[in-house]
Amino acid sequence: MDVQGLEMEVLKGGTQSMATGRVRAFLIGTHGLPIHQECVARLRASGYAIEIDQPDTKEQPDGIIVARK
């Protein structure tokens, strides 16, 4: 998902789907270090394993998170 700074709002809205395991994987483009860190924390708290955690990438202006359950 790439939602231009609203990543946490999307994750908060998906709490039930995340808890039931209906969403098995995330690929998130994050906008800024604070949002990136919040997303990683929320995903871990929801039982997701963080496979890629790059808050600052050379290839693009966004951070990247890949997480799987």
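1. Let's start with helix α3, where I35, H36, C39, V40 and L43 are buried; buried means under 20% relative accessible area, exposed over 50%, and partly exposed in between (1.4 Å probe, protein chains only). An α-helix has 3.6 residues a turn, so residues three or four places apart point the same way. On the other side of α3, P34, R44 and A45 are exposed.

2. A word on what you are looking at: this is a predicted model, in which local features need pLDDT of at least 70 and side-chain atom pairs count only at pLDDT 80 or more, while totals for chains, interfaces and linings use all residues. Residues are numbered from 1 along each chain as its sequence is written, and side-chain values use heavy atoms, with hydrogens and water left out.

3. How far does helix α3 reach from its first C-alpha to its last? With 13 residues (33-45), α3 spans 18 Å, close to the 18 Å expected at 1.5 Å a residue; the expected span is 1.5 Å times one less than the number of residues. Helices (H or I, at least four residues) and strands (E, at least two) are DSSP runs, numbered from the N terminus. After α3 comes G47, whose phi is positive, near 90°.

4. Now see what the buried residues of α3 pack against: α1, α2 (15-20), β1 (25-30), β2 (49-54) and β3 (63-68). Contact here means heavy atoms within 4.5 Å.

5. E7 is worth a visit in helix α1 (residues 7-13). E7 is buried yet has no salt bridge, and the nearest side chain of opposite charge, K12, is 11 Å away. For charge, Lys and Arg count as positive and Asp and Glu as negative, while His and the chain ends are not counted. The side chains of E7 and H31 are joined by a polar contact of 2.8 Å.

6. Where is the one salt bridge that a search of the whole structure finds? E51 pairs with R68, their closest N and O atoms being 3.1 Å apart; a salt bridge is a side-chain nitrogen of Lys or Arg within 4 Å of a carboxyl oxygen of Asp or Glu. E51 lies in strand β2 and R68 in strand β3, so the pair ties together parts that are 17 residues apart in sequence. E51 is partly exposed, at 46% relative accessible area, and R68 is partly exposed, at 42%.

Conventions: Polar contact = N/O pair within 3.5 Å; in protein donor to acceptor, adjacent residues only side chain to side chain.
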